[in-house]
Amino acid sequence: MSYSLPEFLAHAIALEREAAERYLELADMMESYRNDEVSQLFRDMVRYSNMHHDSIVERAKGIALPALRSWQYRWRQPPEVGGEEAFDPGLNAYDALRYARENEIRARDYYVQAGKESSDAEVQRLAAEFAAEEAEHVQALEEWLARTPRPSATWEHDPDRSGAA
Ligand code: ZN
């Protein structure tokens, strides 16, 4: 879909707000497990998402934004997690990080795609900037994943490993 600037801004604002809300849930969950390090990481992500959200709102000042009828870039729950709105309260740090990473990748790809498909120069410029920020988030989560022990209980159900011998 080729976005106009107001459409693009409306989606970007919704995407960042969604990310901030989900990160806050994850941060609270990790805190309840006394996993302070990962909780702190997610709180940092809340802060970044809020800052990003606020700067996009600022950029959108004076522009009439369309109401989004359906919002398809909500965070996607992993298939094994029941319920649309809440995280599995048993989510461990590794799965929480992996899950966040997948959603950051979707956000990055979304911005890349939006920039590619729009003929509006400002949308292209902003989309490239936002995609770069999401790529940094993906990178931060990759680094955390690399030093977070993978829980053995979920090992065999790991979709990353399906097809492996
Ligand atoms: Zn992000």
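User: How do the axes of H3 and H4 cross, and within what distance do they come?

Analyst: Two packed helices are described by the angle between their axes and the distance between the axes. In this predicted model, the axes of H3 and H4 come within 8 Å and cross at roughly 160°, where axes are lines fitted to C-alpha atoms, for helices over the stretch in contact, and angles run from 0 to 180 degrees between N-to-C directions. H3 and H4 are therefore roughly antiparallel to each other; angles under 35 degrees count as roughly parallel, over 145 as roughly antiparallel, 65 to 115 as roughly perpendicular and the rest as oblique. H3 passes H4 in a left-handed crossing, a term used if the near helix is turned anticlockwise from the far one by less than a right angle, with right-handed used if clockwise. The residues of this contact of H3 with H4 divide into 17 nonpolar, three polar and six charged, with Ala, Val, Leu, Ile, Met, Phe, Trp, Tyr, Cys and Pro counted as nonpolar, Asp, Glu, Lys and Arg as charged, and the others, Gly among them, as polar.

User: What should I know about the numbering and the confidence limits?

Analyst: Residues are numbered from 1 along each chain as its sequence is written. Because the model is predicted, local features need pLDDT of at least 70 and side-chain atom pairs count only at pLDDT 80 or more, while totals for chains, interfaces and linings use all residues.

User: How many helices and strands does the protein chain have?

Analyst: The protein chain has four helices and zero strands, in the pattern α-α-α-α along the sequence; helices (H or I, at least four residues) and strands (E, at least two) are DSSP runs, numbered from the N terminus.

User: How do H1 and H4 lie relative to each other, parallel or antiparallel?

Analyst: The axes of H1 and H4 come within 9 Å and cross at roughly 20°, and H1 and H4 are therefore roughly parallel to each other. In H1, Leu-5, Phe-8 and Ala-12 meet Glu-122, Val-123, Leu-126, Ala-127 and Phe-130 in H4, a contact meaning that C-beta atoms, placed from the backbone, lie within 7 Å. By class, the contact of H1 with H4 has seven nonpolar, no polar and one charged residues.

User: Is Met-30 buried or exposed, and what does Met-30 touch?

Analyst: A residue is buried if 20 or more other C-beta atoms lie within 10 Å of its own, exposed if 12 or fewer, and partly exposed in between, with C-beta atoms placed from the backbone. Met-30, which lies in helix H1 (residues 5-32), counts as buried because it has 23 C-beta neighbours inside 10 Å. Not counting residues up to four places away in sequence, Met-30 touches Asn-35, Val-38, Ser-39, Phe-42, Ala-93 and Ala-96.

User: Which residues have the most contacts inside the largest nonpolar core?

Analyst: A nonpolar core is a set of buried Ala, Val, Leu, Ile, Met, Phe, Trp, Tyr and Cys residues joined through C-beta atoms within 7 Å. The largest such core has 33 residues, and those with the most contacts inside it are Phe-8, Leu-26, Met-30, Phe-42 and Ala-96. Two or more residues are given to this core by each of H1, helix H2 (36-59), helix H3 (93-117) and helix H4 (121-146), and the largest share, 11 residues, comes from H1.

User: What is the phi of Arg-34?

Analyst: Most residues other than glycine have a negative phi. Arg-34, placed in the loop between H1 and H2, has a positive phi of about 60° although it is not a glycine. Arg-34 counts as exposed, because it has 7 C-beta neighbours inside 10 Å.

How values were computed:
Contact = placed C-beta atoms within 7 Å.
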